[in-house]
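Subject: Structure handover

Hello,

Here is the structure you asked to take over. My notes follow it, grouped by region.

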Amino acid sequence: MNATAAVAAAVVPAAGRGERLGPGAPKALRELGGVPLLVHAVRALARSRAVGLVVVAAPADGVAEVVGLLDSHGLDGKDVRVVAGGATRQESVRLGLAAIPSEVEIVLVHDAARPLVPVEVVDAVAAAVRAGAEAVVPAVPLADTVKRVESNPGLPEPVLDTPDRATLRAVQTPQGFRRETLAEVHARALAEEARGGLPPVTDDAGLVERFGGRVVVVPGHEEAFKVTRPLDLVLAEAVLARRRASDGY
Ligand code: CTP
Ligand code: MG
């Protein structure tokens with residue numbers, strides 16, 4: 001294995017609109033502590049010695065803006081590239097992956113919407129892939145009990161069953177992969193989509209599972225939560241303020 005192969009590359013899907021966050025700029029460009037979510041997320045990856053290159057999949061009409069933003073924030077001298085993202089998260093990841101040099105053997109995929117992931121999580125995911133896993137997801141136990149329902153929005157929904165909470169995990173990013181595995185499942189998903197097949201997945205490990213691969217879970221972190229709704233931004237501001245007060249973050 002040469003030096004480039006040993007270092008992971010990261011794809012950061014950042015092309016979503018952030019509809020659940022409400023009106024405003026695309027979510028990845030919304031600010032947390034005066035800095036765009038995307039910049040926090042890229043910095044979190046760049047802080048890891050396991051990561052040598054970061055490829056951002058930006059909103060298709062915002063590539064130049066994102067390049068400018070990343071240029072104006074110091075990023076530890078890491079190689080950061082920007083490509084146009086797609087209409088779904090899955091497509092954005094596929095487009096980002098296509099921009100990674102072929103000799104890179106380990107790829108992490110990290111949501112721009114998870115700005116506060118601790119570097120320990122990034123390192124642990126990369127280390128698990130380096131140790132031989134083909135797909136690794138960080139995850140945390142659930143606080144709430146979960147019920148499966150017959151979907152019936154706006155009306156009382158009949159409960160089907162209650163999975164045993166002890167066996168459930170809420171998964172986060174970065175998710176880590178052998179590059180070959182990730183490229184192959186994305187190519188297969190694209191081929192199936194073209195045949196009018198299965199709908200896109202909401203995480204990359206889901207594609208590996210779909211095609212029979214083996215995914216393992218490592219501990220995630222409560223601060224790696226995804227900014228999805230307005231309250232998440234309030235929580236993120238509080239976490240950032242606590243970090244800045246305690247360690248000059
Ligand atoms: N994403 C992307 N391309 C898309 C859709 C989503 O790159 N076409 C990215 C988002 O930018 C985000 C990550 O995938 O970093 C996780 O998606 P999500 O939290 O659903 O973000 P949005 O799709 O932006 O939000 P919403 O679903 O509320 O519109
Ligand atoms: Mg979305």
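Start with histidine 40. Histidine 40 is buried, with a relative accessible area of 4%. Please keep in mind throughout that this is a predicted model.

Helix α2

Histidine 40 sits in helix α2. A polar atom of the histidine 40 side chain lies 2.8 Å from the backbone oxygen of leucine 32. Leaving aside residues up to four places away in sequence, histidine 40 touches Leu32, Val35, Pro115 and Leu240. The buried set is Leu37, Leu38, Val39, His40, Ala41, Val42, Ala44, Leu45 and Ala46.

Alanine 50

Next comes the loop between α2 and β4, where alanine 50 has its place. Is alanine 50 buried or exposed? Alanine 50 is buried, because its relative accessible area is 9% and the cut-off for burial is under 20%. Its contacts, not counting residues up to four places away in sequence, are Val7, Ala8, Asp123, Ala126 and Arg130. Arginine 89 is 39 residues from alanine 50 along the chain, and their C-alpha atoms are separated by 24 Å.

The strands

Strand β4 covers residues 51–58. Of its 8 residues, 7 are buried, so β4 is largely enclosed by the rest of the structure. β4 has these pairings:

- Strand β1 (residues 8–13) runs parallel to β4, joined by 6 bridges. Valine 11 has valine 55 in β4 as its bridge partner.
- Strand β5 (residues 79–84) also pairs with β4 in the parallel sense, over 6 bridges. Here alanine 57 is bridged to valine 83 in β5.

Valine 11 turns up again at β6. β1 and β6 pair in the parallel sense over 3 bridges, and valine 11 stands opposite valine 109 in β6. Strand β6 (residues 106–109) then meets strand β11 (residues 175–178) through 4 bridges, and these two run antiparallel. Leucine 108 has glycine 176 in β11 as its bridge partner.

How do the side chains of β6 point? Ile106 and Leu108 point one way, Val107 and Val109 the other way, and all are buried.

Helix α4

Helix α4 runs over residues 89–97, and its buried residues include Gln90, Ser92, Val93, Arg94, Gly96 and Leu97. What covers the buried residues of α4? The cover includes the strands β1, β4, β5 and β6 and the helices α6 and α7.

The cis peptide

Most peptide bonds are trans. The one from threonine 173 to proline 174 is cis, with omega near 10°. Proline 174 lies in the loop between β10 (169–171) and β11.

Aspartate 203

Aspartate 203 is in the loop between α6 (179–194) and α7 (204–210). Aspartate 203 is buried yet has no salt bridge. The nearest side chain of opposite charge is that of arginine 89, 6.8 Å away. What does the aspartate 203 side chain reach instead? Two contacts are worth a look:

- The side chain of glutamine 175, through a polar contact of 2.8 Å.
- The backbone nitrogen of glycine 206, at 3.0 Å.

Not counting residues up to four places away in sequence, aspartate 203 touches Arg89, Val171 and Gln175.

Ligand 1

Which residues come nearest to ligand 1? There are 18 residues around the ligand, and Pro13, Ala15, Glu19, Ser92 and Lys226 come nearest. The polar pairs are as follows:

- Arginine 17: a backbone N or O atom lies 3.2 Å from an oxygen atom of ligand 1.
- Lysine 27: a polar side-chain atom lies 2.9 Å from an oxygen atom of ligand 1.
- Threonine 88: a polar backbone atom is 3.3 Å from a nitrogen atom of ligand 1.

Where to look again

Two residues link several of these notes. Valine 11 bridges to valine 55 in β4 and stands opposite valine 109 in β6. Ser92 is buried in helix α4 and is among the residues that come nearest to ligand 1.

Over to you.

Best wishes

Definitions and conventions
Residues are numbered from 1 along each chain as its sequence is written. Chains are lettered from A and ligands numbered from 1 in the order in which they are written. This is a predicted model: local features need pLDDT of at least 70, side-chain atom pairs count only at pLDDT 80 or more; totals for chains, interfaces and linings use all residues. Side-chain values use heavy atoms; hydrogens and water are left out. Buried means under 20% relative accessible area, exposed over 50%, partly exposed in between (1.4 Å probe, protein chains only). Lys and Arg count as positive and Asp and Glu as negative; His and the chain ends are not counted. A salt bridge is a side-chain nitrogen of Lys or Arg within 4 Å of a carboxyl oxygen of Asp or Glu. A polar contact is a pair of N or O atoms within 3.5 Å; within protein, one must be able to donate a hydrogen and the other to accept it, and residues adjacent in sequence count only if both atoms are side-chain atoms. Contact means heavy atoms within 4.5 Å. Two strands pair if DSSP finds at least two bridges between them. A residue is near a molecule or strand if one of its heavy atoms lies within 4 Å of it.
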